[in-house]
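Here are a few exercises to work through with the structure open beside you. Try each task before reading its solution.

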Amino acid sequence: MSNLRATLRLQIHNEFTLYDACEHIDYYHSLGISHLYLSPLFESRHGSNHGYDTIDYNRISQERGGEPGLLALSHAAHTRNMGLILDIVPNHMAVGSDNKWWQDVLTWGRSSGYASFFDIDWDATQHRPENTILLPFLDRPYGLALKDGLLTLFYNEEKEYFYIQHYEHCFPICPDHLPLPSKNDVGAEKWYNSIQSTLDVYNDNATDLHNLLEKQNYRLAWWRVADETINWRRFFNITELVALNIQNDFVFDAVHSYALTLYEQGVIDGFRVDHIDGLAQPGYYCQRLREEMAKRKAVRPSSSPEVPILYVEKILAPEEKLPPTWQVTGTTGYDFLEEVSLLLHDNSGEKALDSLWKEVAPSWSDYATESQNARIEVAESLLCGATDNLIDHLYRLTRLDITLRDFTKREVRLIVIKLLSLIRIYRTYNADQIGKNRSLSAHSGNQNIFLEQAHKELKIKILSRLSPLLNWLNEKLVGKDDDWTRVQAFEHLSAPLAAKAIEDTVFYRYGRLLSRNDVGTDPAQFSISSTKFHQAMQSRKTNIPQSMLTTATHDHKRGEDARARLAVLSSISSEWREAVSRWSTLNKVHKGKNGPDSRDELILYQTLLGAWPLEQIIPDTSFKKRIIGWQIKAIREAKRHGSWADPDKDYETDCTAFIEKILTHEPFLADFTLFFQKIAPAGALNSLAQTVLRFTVPGVPDTYQGTEWWDFSLVDPDNRQAVDYKSRKKALLRHESFSQTAQHWKDGIIKQILIQTILKFRQNFPELFSEGDYIPITLKPIFNNSLFCFSRQEGNNKTLILVPKHGFLLEPDSIDLSASDYVKTNDEIIENTENEWESILWNNVKITKKGTLSIPDSCRYFPIDILIPSTQIS
């Protein structure tokens, strides 16, 4: 089987099954992919298009093709020397009547054999009795639901149990509270009449039904109370997903048994672990999973890869390191998405874009402050229940310490929430250090540095009399005693807090430049130098050489090529500012009484610019629908004008009407189109540069389904649209060269051929990319801000990679990439190259001028090239 060379992410669901993937296996193979990287396949909720709502870990979803479909795809892949990587979800499950584990807990409560599978707090609170689960799924307050007859008792004859139904929700009644005579004892007719009589009694009398419900191991409640009163940990604030206690060995075994069997049999070749930061003890989890995979290595097929493949979804903040004790293959690549994004942004535009943003958002302070405020806001709203529980626990501990007992609960709350707001990473991993039998190296990562930084920053801001309380809290959070459950609670809160406050709030509020707002990025940082990028790649080669390299995922806010296009604005910030001013004036007449406000208007123009199709002048109905869908989501995520729980319909109506009107307003469209056409070629250059870097720097390049052509998608569900494989296959069958596709670059085939060409090159020289050194190349000063170059070398093999860094600065002769030469100069870009080079992109054009390299020599149309020494051609 092929070694890990390049992955391709596929979203498997009922409209694109495992059998559908089989039909396209030759296409993936011809593209050069070594491993298909599949979305979750285990049984999930009916109709789920993502699979992260698992209900059964012991079977493959029938909607996705079932186990026969997986076996068929595995066989097809292995026949072509390809492998499969499976996305697994150990963090949470979907709740509901189709989850047998969850239903058993609702039926039998704490005595259920599955009660400890889920992260449930069984202690009594003012909202519910002890040993009960709060179920906030009612569409109105409990009393009204009961009064209005929206809670109805039914009997499931097949499964032989009574249940309460509320719309699509079904809640089981414990048999101890509503026993039935045996059908064999009383006869079928009498048994049936007994059932009907029982149903009539309870459904006709709200008091009796209420009394029956009061006996259950759960308490039904209005959905609006979930954030404050729920007593089981959710995935973020999604009440349909319940967290698992995967740190318990028996839960780990139950969740992974079938997946590991598939691995043992060679059906799959590795795993991608979803949301590793949601686990109680990620380090121990990775250790355990590695051990289980190692146990099965001996019985795996002989053709299987030697090294287990284990990727984790982990967002790393700037300067944060992946804990080496996890010993995983790497992350899923958000860190590379950030690094390449920063490289493509021109720092000369930062001040002008800051100025424009301040103009349209005068109340905005700075990114750090706004991020802190958003964390506080989310801690006090969407995650207030988890926040309150942590504070209650810590406050009880202060009562037991005579040096702390005079601090009030309000002061404990202040310190905890402020500290949470200042931590610039998702979480620490101290629970891994102190749990029973969970001993890992204390040097597992550098996350505590960020905790210490937050501690120091807060110490300066608070009253000096509160310092002892802060110091005490800091000691507790780094695990100075054995109470690891407290540390775990803090870490379970900080991770979802970061996601909800930053990714799902601030990213929709901050509109300086949207190409810097995506999963894994830090919008406060605008750009980095070539030197910094070189250093990051050398570090990647040393520390995580097989980590994924990705620029598009099923979770991205906007497509990789939309971001690359918007990055061009950093090079023409003054022109962008003038354009926004013109458009705002032209479209002022279309604004409604309520909106959009100036912030959302600026964000909308960027969204239009990023998503605008290359070959379309007038937007069609489908495009308008996509933009309106994005707009509604953006407004609700930002939470400035309503939210998902309480939408501001008037504001949303005005914003969608504004979109409809400006997209038919000819003066605006004419001006917008001219500006778009001016930056689109430079945006395409950025995209191609981004693609070349993804496939040539240290790591394993990952391609999200369909993005081998231009990807101008928006946030989900827009980025999960069906892929037109028929057209993509047809394009490959034309066997065009890279230079030929440059003549019609707007259709996106140029990107597909670029990927195929590089992957063929990687296949011919595998060690060059898997083990080769990364060597920065110094350019002549005139090109320092417009071009980027490096070399990969392994033994006698080498390659030289050249890409534009800020394409617009190259002063193109034409706005069309298919024009003669994109640059006006034939200046030498590199001196003393020591080799005669040949291009693998431009029809093996030989560079005859040894010792120097100039752009027209290397590149037929524009400065993107991958060169190899003439002596290396086989």
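Buried means under 20% relative accessible area, exposed over 50%, and partly exposed in between (1.4 Å probe, protein chains only). We're working with a predicted model, where local features need pLDDT of at least 70, side-chain atom pairs count only at pLDDT 80 or more, and totals for chains, interfaces and linings use all residues. Residues are numbered from 1 along each chain as its sequence is written, and side-chain values use heavy atoms, with hydrogens and water left out.

**Exercise 1.** Work out whether Trp357 and Trp364 are buried or exposed, and how their rings pair.

Solution. Start with burial: Trp357 and Trp364 are both buried. For pairing, ring centres of Phe, Tyr and Trp (its six-membered ring) must lie within 6.5 Å; planes under 30 degrees apart are stacked, over 60 edge-to-face, and the rest tilted. These two sit 5.7 Å centre to centre with 75 degrees between the planes, so by that rule they're edge-to-face.

**Exercise 2.** Find out what Trp364 does with Tyr510.

Solution. First, the geometry: Trp364 and Tyr510 are stacked, 4.8 Å centre to centre and 5 degrees between the planes. Next, the location: Trp364 is in the loop between α13 (350-360) and α14 (367-379), Tyr510 in the loop between α20 (484-509) and α21 (530-543), so the pair ties together parts 146 residues apart in sequence. Helices (H or I, at least four residues) and strands (E, at least two) are DSSP runs, numbered from the N terminus. Finally, burial: Tyr510 is buried, like Trp364.
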